[in-house]
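I opened the model to look up its folds, its contact and its core. My entries follow in the order I made them.

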Amino acid sequence: MEIAQVVHTNFTTLQIQGELDALSAVGADEVFTRLIQQKQFNLHLDFSGLEYISSAGIGVILSHQDEVYQNKGKIVFSGLSPKVLNVFQLLGLHQLFKIVSSESEVECCFLES
Amino acid sequence: MSQSQRFLCSLEEIPRLREFIRQSLPALDEVTLNQIVLAADEVCTNAIQHGCSRSAHSDFFVRIYTHPQKITLEIQDSSQPFPIGNEVNVDCTEKIKNREKGGLGLFLVQNIMDEIAIEELDKHHIIRMCKYIA
């Protein structure tokens, strides 16, 4: 798994590529923790390069959501493949998170904040 | 038809496990194939994280049976058996509020697989999971 970071005016994009499982979740958790310590609470997770996610990967994201929310930030997802979206649906997360399909929608989400 | 493979009790083996499952499955739609791979990943990750790697027999054995109407996975290891047969409900809103990372894997497995059974043997157990595909 690789994570590339792109800083925008209103938010930070994390482009997550490859497979996010119990092994790679440790590295992902470190990236999230560092961003939150840097007070970057508006996060766009670009999953267009994400081929696989397990519960360990999802758990990392869930564990940071409350701190993001408490600091008036938000997490927006884009680029979910049908199989990754299905994992979100199995857990009911598609009803809890903002999932968009285009880059312009991502920007709109953060303009609202 | 069945295929089987042995894996070391290490999280570093999980990508190889996923590849073994993908290669062993017949042609399925992308979502169903991913679900079966995910169920195997979750059970084996749980076994590794809950004792398998600390036992004298630090490996586990996976067999996959393919049938036109169903896929059966058998995972045999010597870790402490976990309550996969019990109904688990997950409230992700609570997990977010409590900033929890774990506890989602078994819920996913129960939602993906149609039948789950645990067979207790002398020094190990077998988790047998089946998904109907027709």
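How many helices and strands does chain B have? I counted 4 helices and 5 strands in chain B, where helices (H or I, at least four residues) and strands (E, at least two) are DSSP runs numbered from the N terminus. The elements of chain B run β-α-α-β-β-α-α-β-β from the N terminus on.

I noted the ground rules next. This is a predicted model, in which local features need pLDDT of at least 70 and side-chain atom pairs count only at pLDDT 80 or more, while totals for chains, interfaces and linings use all residues. Residues are numbered from 1 along each chain as its sequence is written, and chains are lettered from A and ligands numbered from 1 in the order in which they are written.

**Chain A.** I found 4 helices and 6 strands in chain A, in the order β-β-α-β-β-α-β-α-β-α from the N terminus. Its radius of gyration (taken over C-alpha atoms) is 13 Å, close to the 13 Å of the globule rule for 113 residues, so chain A is as compact as a globular protein of that length. That rule is 2.2 Å times the number of residues to the power 0.38. The C-alpha trace of chain A spans about 30 × 25 × 25 Å along its principal axes.

**Burial.** I took a residue as buried if 20 or more other C-beta atoms, placed from the backbone, lie within 10 Å of its own. On that count 38% of the 113 residues of chain A are buried, and in chain B 34% of 134 residues are.

**Helix α2(B).** I checked the length of α2(B): its 20 residues should span 28 Å at 1.5 Å a residue, and its end C-alpha atoms are 28 Å apart, which agrees. The expected span is 1.5 Å times one less than the number of residues. Of the 20 residues in α2(B), 15 are buried.

**Core.** Of its 61 residues, B:Ala39, B:Ala40 and B:Cys44 touch the most other members. The largest share of this core, 9 residues, comes from α2(B).

**Contact between the chains.** I listed 25 residues from chain B and 23 residues from chain A, two residues being in contact if their C-beta atoms, placed from the backbone, lie within 7 Å. On the chain B side, α2(B) gives the largest share, 7 residues.

Note on methods:
Buried ≥ 20, exposed ≤ 12 C-beta atoms within 10 Å, placed from the backbone. Core = buried A, V, L, I, M, F, W, Y, C linked by C-beta atoms within 7 Å.
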